[in-house]
Amino acid sequence: MLDQLRRMAVLATVVEQGSLVAAARQLQTTTSAVSQQLRALERDMGVTLLHRSTRRISLTPAGERFVQGCQAMLSAAREAQTQLHHLRDAPEGELRICAPVGSARQIGPALAPLLSAHPALELHLEVDDGFTDLVAKRIDLAVRFGRLPDSSWVAQRIGQKTVGLYAAPAYLARRGVPTSVSDLTRHDWLFLRSESGALKSLSLVGPEGREEMLRVSPRASSNNQLSLQQFCEAGMGLAMLSAEDVDEAQAQGRVLPLLPGWTLPALPVYVMTPQRDAQPAKVRHAIEALRHAFAGFRSEPQA
């Protein structure tokens, strides 16, 4: 079948170009190869399609009717190729992105210029702190933080988020403000995606580069970053939160940063895609927009 379709495309090209020589040039092959394809087509169809002479070609009545279908097939193939090239080079269609709740508010500002520049592009944002079935949800691009689950998808690191220790003023008034790393063990902790009672090792680096390890157990935990911040603002304990996520809460005095000069490891930011090569333009452009957005995060919490 594929050989037959190829020969039909050769016939349409010969008629389009007006000669075997011109068709061979268009198809980047030899005149004899074009002639062989035409003879094979006529043999398979059991009918003469072309009258040939040294100077010109002409269609037989059967050829005139048959070539219409061949030309329609070739035109459809060219249109499909054009559409594919356009899809590869210009962002269009629906872009489906999955992101955790805590980072969802950053996706819109990051991608707004992209959508404004490309009217044919649409965006659907799936917000979920769990490990979404990316294939079932037809996700083009997933934003992930921290440790990644085992997956056949390809991960690219595009930046990092600064993490700091925070607590609500009411909690600090009740339990005291920690002034050293050792003080932290006497406080209630709030964790993200941690089993109740499980110990967690924390690494903190001091102003002079000295690293201290701390093992603490959560008083409360959640699989949702926004809920964890709400626990913190409600005065339930200390939480490790992204500096970018608590900007507004800190500005309004709902949370305060702790242990100035001490830092926690940054949270790596990844984008995950179903394949590495031949990504459509919408995905390539979205990755670059997100890379630019997350690269602009500040390097340390504000005091």
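Predicted model: local features only at pLDDT ≥ 70, side-chain atom pairs only at ≥ 80, totals over all residues.

In strand S4, Leu123 is the bridge partner of Leu95. The neighbouring piece here is strand S3, residues 93–99, which runs parallel to S4 and is joined to it by seven bridges. As background, the strands of a sheet pair through backbone hydrogen bonds, and they do so either parallel or antiparallel.

Stepping back, S3 and S4 belong to an open sheet of five strands, whose order is S4-S3-S5-S14-S6 and whose pairing is mixed. At the edges lie S4, residues 121–127, and S6, residues 154–161, each of which pairs on one side only. From one strand to the next, the twist averages 20°.

Two helices can now be placed on this sheet. Helix H5, made of residues 104–117, lies across S3, S4, S6 and strand S5 (141–145), and it runs at about 175° to S4. Helix H9, residues 281–295, also packs on the sheet, where it touches S3, S4, S5, S6 and strand S14 (267–273), and its direction makes about 25° with that of S6.

Looking along H5 itself, we find a kink of about 40° at Leu111, which comes shortly before the proline Pro113. Leu111 is also one of the buried residues of H5, and the others are Ala104, Gln106, Ile107, Ala110 and Leu114. In an α-helix there are 3.6 residues a turn, so residues three or four places apart point the same way. As for what covers the buried residues of H5, the cover includes the strands S3, S4, S5 and S6, together with helix H9.

Definitions and conventions: Residues numbered from 1 in each chain as written. Heavy atoms only, no water. Pairing = 2+ DSSP bridges. Helix = DSSP H or I, 4+ residues; strand = E, 2+ residues; numbered from the N terminus. Axes fitted to C-alpha atoms, helices over the stretch in contact; angles between N-to-C directions. Contact = heavy atoms within 4.5 Å. Bend = angle between axes of the 7 residues up to and from the residue. Buried < 20%, exposed > 50% of the residue type's maximum accessible area, 1.4 Å probe, protein only.
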